Amino acid sequence: MVSFKWMACAAAAVLAMSAVARAEEGFPFGAEMTLEAVPQPGSKRIPNIEIGDNGEVVLELWCKGGKGQFSVAGNTVIFVPGQIQDRACPPAKAQADDDLVAALSSVETWKRQGDMLTLIGPKPLRFRANGN
């Protein structure tokens, strides 16, 4: 005969695992993520975003840097760029940075699978959570 105490513990464990799974699939507020891309010639740098708990974003691009804001409702996402610092970038990197900010600004939806965030728009962008 199964004890009530054992059944209660099993039910609590299932609920806890379910909550963890949902948290892993939610929008990654409070995470730092790196764009899935190869470095540009002559550089090891790859763009990354640091997403704050309220959707505020710190961007480190191919050369430029700046801030922005994510607004999320369900699977809908809007990115609004803030001021972007020029940093006297070479023309090719400056253009790549401008293209990336434009792609972020045109995302419409998102999905997450584990540590991978895909921002979906005319040009899908994939970001991987940075490990600690």
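Cys-63 and Cys-89 form a disulfide, with their sulfur atoms 2.2 Å apart (a disulfide is a pair of cysteine sulfur atoms within 2.5 Å). The pair joins distant parts of the chain, 26 residues apart: Cys-63 is in the loop between β3 (56–60) and β4 (65–73), and Cys-89 is in the loop between β5 (76–85) and α2 (91–105). Helices (H or I, at least four residues) and strands (E, at least two) are DSSP runs numbered from the N terminus. The angle about the S-S bond is -95°, and the link of Cys-63 and Cys-89 is left-handed. Both cysteines, Cys-63 and Cys-89, are buried (under 20% relative accessible area, with exposed over 50% and partly exposed in between; 1.4 Å probe, protein chains only). The structure holds 1 disulfide.

The model is predicted: local features need pLDDT of at least 70 and side-chain atom pairs count only at pLDDT 80 or more, whereas totals for chains, interfaces and linings use all residues. Residues are numbered from 1 along each chain as its sequence is written, and side-chain values use heavy atoms, with hydrogens and water left out.

The loop between β1 (31–35) and β2 (48–51) contains Gln-40, and Pro-47 is also placed in the loop between β1 and β2. Gln-40 counts as buried because its relative accessibility is 18%. Pro-47 is buried, with a relative accessible area of 1%. Leaving out residues up to four places away in sequence, Gln-40 touches Arg-45, Trp-62, Ala-92, Lys-93 and Ala-96 (contact means heavy atoms within 4.5 Å). With the same exclusion, Pro-47 touches Thr-34, Leu-35, Glu-60, Leu-61, Trp-62 and Leu-100. The C-alpha atoms of Pro-47 and Leu-59 are separated by 7.5 Å, the two residues being 12 residues apart along the chain.
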